[in-house]
Amino acid sequence: MIETAKTPKENKVKKRLKVFRKEVKENIFAYKLILPEVIAMLVVHLIPIGSGIMMSFLKLNQFTLKEFLDAPFVGLGNYKTVLFDSTSTIRSGFLDAFRNTVVFAILCSILVLSLGMILALLLNRKIRFRGLARTLLMTPWIVPSFVVGMLWGFMWQQDGGIINRLLVDVFHILPDKPFWLTGPKVMIAIIIPTIWRCFPFVMLMLLAGLQNIPEEYYEAAEVDGANAFQKFWMITVPLLKPVIAIQVLNGMINYIYSFNIVAMMFGHGSGFPGKYGDLLMTNINRNSFGIWQFGTGAAATVIVMICVLALVGVWYKVFNDDLVVNE
């Protein structure tokens, strides 16, 4: 028999498979150790994701919930309802929630990263009571997010809230006590507690990155006549890019899926922040569990998941070079 010559592509694939088998054989004990955890993580993640996707194709509501798997199959009907049916309760507020979530996620990402960087730079200096300052600044991070929502909900009250008392009665910054929990100011009322809750972790990660930058780089820059901003922009930022990239991704995902603070601030988990403050997760939760529309709620969740996956793809494209580890 005449053997056909293998193409360069086939030879390359065969070579990679050979290298992969060799690596697996050499590290078989390590693979056996992590196998149970890999299986557990696949089960924990794949079963809920698969169930959610399956529910998005079913007409699942208070009348068909007992049937579940035998609920009527509607195909892409739930997705059509979420995106195009103006008479649907979830569609009527979905676009507002989408817009609010985009604004919320972008502003929180920028402000949290900026505040975390400023505080990390300050705490990286040799100042008095630096340890105490680090401990106190980490306090917001250890407070549960639902507690943060409840506390700030009281603080934003028009008459009895401490914020209006400080702004109007004590410092006289504002002439009148505004409504923070209704109208356009709602976005401010949910962004500030989110920043307060999230900046300590970003600050901690950036501080750890700063402490790994050799001091010799800054000394050499000083010899060359670089000022403080030039040292920050040409040395600190490039060397912190891997840390910044991870914090950007982690922050964007957390802010898009943000729920606890907003839900607890308005009605202790059952309130409605209005069209100016409603986020995707509060909108989906309210329309799924409040009126028992689980099929359309699952479809809306899948749409959000697809958008987040697309965002992660863009993130990889932007920060790919900064995440490459040289061996």
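A residue is called buried when its relative accessible area is under 20%, exposed when it is over 50%, and partly exposed in between (1.4 Å probe, protein chains only). With a relative accessibility of 60%, Phe-29 therefore counts as exposed. The model is predicted: local features need pLDDT of at least 70, side-chain atom pairs count only at pLDDT 80 or more, and totals for chains, interfaces and linings use all residues. Residues are numbered from 1 along each chain as its sequence is written, and side-chain values use heavy atoms, with hydrogens and water left out.

Phe-29 lies in helix H2, residues 28–55 (helices are DSSP runs of H or I with at least four residues, numbered from the N terminus). Phe-29 belongs to a nonpolar surface patch, together with Ile-28, Tyr-31, Leu-33, Ile-34, Val-38, Leu-42 and Leu-46. Such a patch joins nonpolar side chains (Val, Leu, Ile, Met, Phe, Trp, Tyr) within 5 Å, taken from residues with over 30% relative accessible area and no salt bridge. Together these residues have about 780 Å² of accessible area, computed by the Shrake-Rupley method with a 1.4 Å probe.

The interior can be described by its nonpolar cores, sets of buried Ala, Val, Leu, Ile, Met, Phe, Trp, Tyr and Cys residues joined through side-chain atoms within 4.5 Å. The largest has 61 residues, and those with the most contacts inside it are Phe-104, Trp-156, Ile-190 and Met-265. Helix H9, residues 186–210, supplies the largest share of this core, twelve residues. A second, separate core has six residues, among them Met-55, Leu-60, Ala-71 and Ala-298.

Met-265 has contacts (heavy atoms within 4.5 Å) with Gly-149, Trp-152, Gly-153, Trp-156, Leu-181, Ala-189, Ile-190 and Pro-193, leaving aside neighbours within four places in sequence.

Side chains of opposite charge can pair when their charged atoms come close. A salt bridge here is a side-chain nitrogen of Lys or Arg within 4 Å of a carboxyl oxygen of Asp or Glu, and the count by this rule is four. One of them joins Asp-96 to Arg-99, with the closest N and O atoms 3.4 Å apart. Because Asp-96 and Arg-99 are three residues apart in helix H4 (residues 89–123), about one helical turn separates them. Asp-96 is partly exposed at 24%, and Arg-99 is partly exposed at 39%.

Another salt bridge pairs Asp-278 with Arg-286, at 2.7 Å between the closest N and O atoms. Asp-278 is buried, with a relative accessible area of 2%, whereas Arg-286 is partly exposed at 25%. Lys-231 and Glu-222 also form a salt bridge, their closest N and O atoms being 3.0 Å apart; Lys-231 is buried at 15%.

Notes. Helix = DSSP H or I, 4+ residues; strand = E, 2+ residues; numbered from the N terminus. Patch = residues over 30% accessible without salt bridge, like charges linked within 9 Å, V, L, I, M, F, W, Y side chains within 5 Å.
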